[in-house]
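Have a look at the picture and the sequence first, then read on.

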Amino acid sequence: MPRDHRPARSVRILLAEDQGMMRSALALLLGMEPDFEVVSQVAAGDLIVGSALVSRPDVALLDIELPGRSGLDAAADLREEVPECRVLILTTFGRPGYLRRAMEAGAAGFLVKDGPVGDLAKAIRRVLTGETVIDPALAAAALGAGPSPLTARERDVLNASVDGATVADIAAKLSLSASTVRNYLSSAIGKTATRNRMEAVRAARQQGWL
């Protein structure tokens with residue numbers, strides 16, 4: 001049998017990715033690093049914290065668009081529940097708004113998936129030393145884009161509009177009055193310079209504000 005040449009204390013990694021082939025490939029590639037051990041793999045955002053509480057990873061690699069709960073929301077949860085775990089956002093969607101939200105959630109890094117796995121391995125080691133690692137092109141774009149103009153409530157109302165919900169549906173879901181929902185929608189539409197709430201949702205998503 002081949003000997004295991006891993007060091008006595010490997011870097012423990014949690015991987016959250018909803019695409020099975022991508023998740024398996026990442027786990028395989030990271031597992032080839034002699035000092036890495038993928039201790040947990042999840043396919044949904046609402047499974048991240050529970051899995052981290054059990055597996056106690058040193059680093060969590062999180063996709064953003066996950067079923068159940070976004071990786072950005074899960075990053076904030078990990079900061080509260082498993083503060084010793086460093087978070088790296090690894091996503092296809094290199095949007096400035098996502099980067100700002102990731103940093104606000106306490107992420108230690110933000111990388112896009114089209115980079116080589118060697119760079120990802122280096123990033124994992126760097127965040128464990130206390131560094132913050134951000135894709136350079138995305139960092140420049142984020143500085144030029146400015147912060148999101150949407151308030152937290154405006155984001156909530158737009159998110160609740162994604163599936164074509166009526167104003168009454170949104171009001172019931174968020175425990176708001178219908179008139180308040182209309183006011184938030186009107187404000188969000190104005191801030192995104194769009195004509196209706198569905199255009200506002202699309203524009204906000206393109207910017208990474210939702």
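## Ground rules

Two residues are in contact when they have heavy atoms within 4.5 Å of each other. Helices (H or I, at least four residues) and strands (E, at least two) are DSSP runs, numbered from the N terminus.

This is a predicted model, in which local features need pLDDT of at least 70, side-chain atom pairs count only at pLDDT 80 or more, and totals for chains, interfaces and linings use all residues. Residues are numbered from 1 along each chain as its sequence is written, and side-chain values use heavy atoms, with hydrogens and water left out.

## The whole chain

The protein chain holds 10 helices and 6 strands. Its C-alpha trace spans about 70 × 35 × 30 Å along the principal axes.

Of the 210 residues in the protein chain, 44% are buried. Here buried means under 20% relative accessible area, exposed means over 50%, and partly exposed is in between (1.4 Å probe, protein chains only). Take the contacts in the protein chain with a separation of 6 or more: 66% of them come from residues 24 or more positions apart.

## Helices α1 and α5

Two packed helices are described by the angle between their axes and the distance between the axes. Axes are lines fitted to C-alpha atoms, for helices over the stretch in contact, and angles run from 0 to 180 degrees between N-to-C directions. The axes of α1 and α5 (residues 117-128) cross at roughly 70 degrees and come within 11 Å. That is why α1 counts as roughly perpendicular to α5; angles under 35 degrees are roughly parallel, over 145 roughly antiparallel, 65 to 115 roughly perpendicular and the rest oblique.

Which residues meet here? On the α1 side they are Leu26, Leu29 and Leu30, and on the α5 side Val117, Leu120 and Ile124. Sorted by class, this contact has 6 nonpolar, no polar and no charged residues. For the classes, Ala, Val, Leu, Ile, Met, Phe, Trp, Tyr, Cys and Pro count as nonpolar, Asp, Glu, Lys and Arg as charged, and the others, Gly among them, as polar.

## Helices α7 and α8

Further along, α7 (residues 152-160) and α8 (residues 167-174) pack at an angle of about 125 degrees, with axes 10 Å apart. α7 and α8 are therefore oblique to each other. Arg153, Asp156, Val157 and Ala160 of α7 make the contact with Ile170, Lys173 and Leu174 of α8. By class, that contact of α7 with α8 has 4 nonpolar, no polar and 3 charged residues.

## Glutamate 17

Is glutamate 17 buried or exposed? With a relative accessible area of 2%, glutamate 17 is buried. You'll find glutamate 17 in the loop between β1 (11-16) and α1 (20-31).

The side chain of glutamate 17 makes a polar contact with the side chain of lysine 113, at 2.5 Å. A polar contact is a pair of N or O atoms within 3.5 Å; within protein, one must be able to donate a hydrogen and the other to accept it, and residues adjacent in sequence count only if both atoms are side-chain atoms. Leaving aside neighbours within four places in sequence, glutamate 17 is in contact with residues including Met22, Val42 and Asp63.

## Two positive phi values

Most residues other than glycine have a negative phi. Arginine 56, though, has a positive phi near 50 degrees. Arginine 56 sits in the loop between α2 (48-55) and β3 (59-62) and is partly exposed, with a relative accessible area of 39%.

Serine 175 has a positive phi too, of about 60 degrees. Serine 175 lies in the loop between α8 and α9 (178-191) and is exposed, with a relative accessible area of 68%.
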